[in-house]
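Dear colleague,

I am handing over the structure we spoke about, and you will find it just below. My notes on what was found in it follow, for you to read alongside the coordinates.

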Amino acid sequence: MDIELFLVPNCGRCRYLKELLQEAGLSYKPVDVSTGLGPLRRLRRLSGEANVPVLAVGSKWWPALDPVQARRAVREAAGLIRAVNKT
């Protein structure tokens, strides 16, 4: 199961979330929602919104619109990845 990071270029909140993921040693797949309707539609189907950044693992997602949400998103995504990898 992979971590996806829904983002747009030149986004400070997105950059902060990337740094947190790197510090946690978590790899992720960036999904740039500004590249076309496909990624944006995926984000809207997943979260019901178009705000970024959003961290997703499978159908589970976390908004990361401020530092508190970003840290929680990374912590919970890491826990989910660890749990999946143990099985």
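Read from the N terminus, the elements of the protein chain follow the order β-α-β-α-β-β-α, which gives three helices and four strands. Please keep in mind throughout that this is a predicted model.

The four strands form an open sheet in the order 2-1-3-4, and their pairing is mixed. Strand 2 (29–32) and strand 4 (60–63) are the edge strands, each of them pairing on one side only, and from one strand to the next the twist averages 25°. Strand 1 (residues 3–7) and strand 3 (residues 54–57) run antiparallel and are joined by four bridges, with Ile-3 standing opposite Val-57 in strand 3.

As for the helices, helix 1 (residues 12–23) packs on the sheet, where it touches strand 1 and strand 3, and its direction makes about 160° with that of strand 1. Helix 2 (residues 37–47) lies across strand 1, strand 2, strand 3 and strand 4, and runs at about 110° to strand 1.

Turning to the chain as a whole, its radius of gyration is 12 Å, which agrees with the value near 12 Å that a compact globule of 87 residues would have, while the C-alpha trace spans about 35 × 25 × 20 Å along its principal axes. Of the 87 residues, 37% are buried, and the accessible surface comes to about 5200 Å², with 50% of it belonging to carbon and sulfur atoms. Among contacts between residues at least 6 apart in sequence, 55% join residues at least 24 apart.

Technical notes: Residues numbered from 1 in each chain as written. Predicted model: local features only at pLDDT ≥ 70, side-chain atom pairs only at ≥ 80, totals over all residues. Heavy atoms only, no water. Pairing = 2+ DSSP bridges. Helix = DSSP H or I, 4+ residues; strand = E, 2+ residues; numbered from the N terminus. Axes fitted to C-alpha atoms, helices over the stretch in contact; angles between N-to-C directions. Contact = heavy atoms within 4.5 Å. Rg over C-alpha atoms; globule rule 2.2 N^0.38 Å. Buried < 20%, exposed > 50% of the residue type's maximum accessible area, 1.4 Å probe, protein only. Areas by Shrake-Rupley, 256 points an atom, 1.4 Å probe, with all protein chains shown as cover.
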